[in-house]
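Here are some exercises to work through with the model open beside you. Try each task before you read its solution.

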Amino acid sequence: MSIQLLISGISLGAVYALVAVGFAVVFSVLKFSNFAHGGMISACAYAGFYFQRSFSNPPPIYLTIIFTAGVGITLSFVIDTIAYRRLRKKQSPNIYYFLASITMSILIVNLLTIFFGKNLYAFPPIFENTTFMIGKIRFSSIDSLILIVSLAILTILIFLIDRTRIGLAIRSVAINPATSQLMGINPDVTIMAVFAIAGALAGISGVLLAMKLSVYPTLGSQMMLKGFIASVVGGLGSLGGAIAAAILLGIIEIFLTYYFGSLSMPIILFVLMLIFLAIRPAGIAGRFAQEKV
Amino acid sequence: MKKYLAILLTLVIILGAAACSPSTPDPDPSTPPTETAGGEVTDPIVNPDPILIGCIQDTSGGASIAGKPNEWGVVYAVKWINENGGVNGRMIELHTRDCQNDAEVAVTNYRELVDEVGVCAIIGPPLSNPASAWVDLSTEDEIPIVGHFMDELCTTNPDTGETYPYMFLAEPSCSVQSYILAKYAMEDLGVSSVASLYNISNAYAVAHEKPFMEYVEDHAGSVLARETFTWTDTDYSAQAQKIASLNPDAVLLCDYANQMVTAYDNLRDAGYTGKILGANTMYPPFNTLVKNQPPYDCFFVQNYDLKDTDTGTIAELVEMQMTETGTDYPTSNVGFGWDATMVLYNAMLKAEDPTNGPEVREILESQTENILSSGGKYISIDPATHRPTLDLGMYIATYTEDNEIVCLVYRTTDYSK
């Protein structure tokens, strides 16, 4: 049973990781937690659902994911233009970013509710069986896919940031935007690239979460708390740390729920988090991107 | 000369004003039918003012899947009443509000409808949390509320056992539905061990789970696990694995649609292959939303047989609602809205003044008998509980291999605790 619980915990953690990475990538450069990410995930889930429904024969899921990634990028630019760009130009205080991102998240959820209601919609199943067995251990098909996608995203992002010119630009803007501008890097373009990455992640997350759960307005925002915790515990701005923390969070949650029940679980979980952060404030990664929260 | 002219003008003005005044007085709603010298009864003078009724449903919150068709049912019933002569000639004017499945918003809705709009009665939602917030308000304001708030706490004071005077339920309560389901499971399906997986923060779920377990324990069944979750949880894998390891004959699920779907999938993913017993929220779109397709061995209570086109009007109502609103799946709540409105309408028809809260309340309590529901059954309100009498039962439904809903039997219960 313990191994089965461990697998379930990793599966649950993979879902949190998907959200946490979106948080971490924006924080790593812009140094604020983009709570609008949850709303973007929901919006992309709807986009993917209606994209699939617009064909008499639904297209393969990877095409839907590519489409929603595009929608996510577009939405990300729109949100940046509406909510963040002016704040950056005016070098506004950190709290303004926080309020702007929360506002955008609520706005998106409410717009989705107005246009689509709170009815649930289901993606057509992509797996014939929702679980598969390896030995005596049962694995969830969709959770396994989510875990693979999360790890693939991590690998691609690490490659992108460490080995490409745009990655170099992102790192330099993350360290010092003014100096990087003197070195010939355009911070605005770099920030747009970061938002494009975050938007694409929201698009991918939207479809995968919708396939696991269903499509509804609060699909993404209900995951934000756990995603945010994972990104903080992982070390704010650290992609690898966020994924590691998310999986750890999933495992702890499953074991606590199993042995202590769902009511005691959040109390014990949050106490553990507080103790961990008191001992290691920089998170699992041991470093955090400084400044804003 | 000027003096005569002024007197003449004054007389003209007075006579003119008299000529322009109404020839008949404003009709009085309390005017009784009058008899002519020949003994014939003339038509009473009908009050032209509409009867203002409120309707509070969750049309944007977590239970809007049920709330929207419920509201549609109320709107359609009022339209039908008005097209068929209204309440003894008086039209009904309906004012709808969205409580968002939030008790605080529901109180604001109530105050607005009563204080600002001036409604004389309210059709309530199929939600217990908002309705329980109105029990004192409705007594204070003398506003009858008829609805589908199935938790018995909405109609009866749990401490004294006395009814809340202005609260009336128009379908079997949570307890009755759970007793019927438990009885069917034990007697017809041979279930002897059960578990439950439910949202402990949801009054609807709690009000179903407790009586179900009481029935099972009182009938020599064994309760192996009572696993819970809360609103913020999105995954119940741990609870599902615990239940699967105990392998009860059946598991009770009694939440709203999205929690039911997750609970069902988590149980099946955990390897549980036994029977799943469900509240009436297991109706579509549950069967289209679960990932483990098609759902199997599901047995759940249903207020209406939506496929029975011979009994009642529910099939016709549901079809109309689906066409008008573009809904993909049939929902029983259309019938809830209709039935609650008809129960209130019946009382208003019998009242001398249908806007008089205490009078309508008295009739609702003591004279609500055999009101034909949209499902073709009869609703009679028990004065001792303000809920339907126990001869109003529920269907037991299941999903076929083709993922079609089918009603198996109609059951009542005389068990009570």
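A270(B) lies in the loop between α9 (257–269) and β9 of chain B; helices (H or I, at least four residues) and strands (E, at least two) are DSSP runs, numbered from the N terminus. This is a predicted model, in which local features need pLDDT of at least 70 and side-chain atom pairs count only at pLDDT 80 or more, while totals for chains, interfaces and linings use all residues. Residues are numbered from 1 along each chain as its sequence is written, chains are lettered from A and ligands numbered from 1 in the order in which they are written, and side-chain values use heavy atoms, leaving out hydrogens and water.

**Exercise 1.** Find which residues A270(B) touches, not counting residues up to four places away in sequence.

*Solution.* Apply the contact criterion, heavy atoms within 4.5 Å. The search returns R138(A), A240(B), Q241(B) and A244(B).

**Exercise 2.** Work out the order of the strands in the open sheet of seven strands in chain B, and find which strands stand at the edges.

*Solution.* Start from the pairing rule: two strands pair if DSSP finds at least two bridges between them. This gives the order β7-β6-β8-β9-β10-β15-β16 in chain B, with mixed pairing. β7 (222–229) and β16 of chain B each have a single partner strand, so one side of each is left without a neighbour in the sheet. From one strand to the next, the twist averages 25°; axes are lines fitted to C-alpha atoms, for helices over the stretch in contact, and angles run from 0 to 180 degrees between N-to-C directions.

Next, zoom in on one pair. β6(B) and strand β8 (residues 250–253) of chain B run parallel and are joined by three bridges. A195(B) has V251(B) as its bridge partner in β8(B). Helix α7 (residues 203–218) of chain B packs on the sheet, where it touches β6, β7, β8 and β9 (275–278) of chain B, and its direction makes about 170° with that of β6(B).

## Two helices of chain A

**Exercise 3.** Describe how α5(A) and α6(A) pack: at what angle, and through which residues?

*Solution.* Take the axes of helix α5 (residues 141–163) and helix α6 (residues 165–175) of chain A: they are 5 Å apart, at an angle of about 80°. The two helices are therefore roughly perpendicular, a class that covers 65 to 115 degrees (under 35 is roughly parallel, over 145 roughly antiparallel, the rest oblique). L160(A), I161(A) and D162(A) in α5(A) meet I166(A), G167(A), L168(A) and R171(A) in α6(A).

## Salt bridges

**Exercise 4.** How many salt bridges does the structure hold over all chains, and is D80(A) buried or exposed?

*Solution.* Count each side-chain nitrogen of Lys or Arg within 4 Å of a carboxyl oxygen of Asp or Glu. The total is 16. One of them joins D80(A) and R88(A) at 2.8 Å, N to O. Both D80(A) and R88(A) are buried (under 20% relative accessible area; exposed is over 50%, partly exposed in between; 1.4 Å probe, protein chains only). Together with R85(A), D80(A) and R88(A) are linked in a network of salt bridges.
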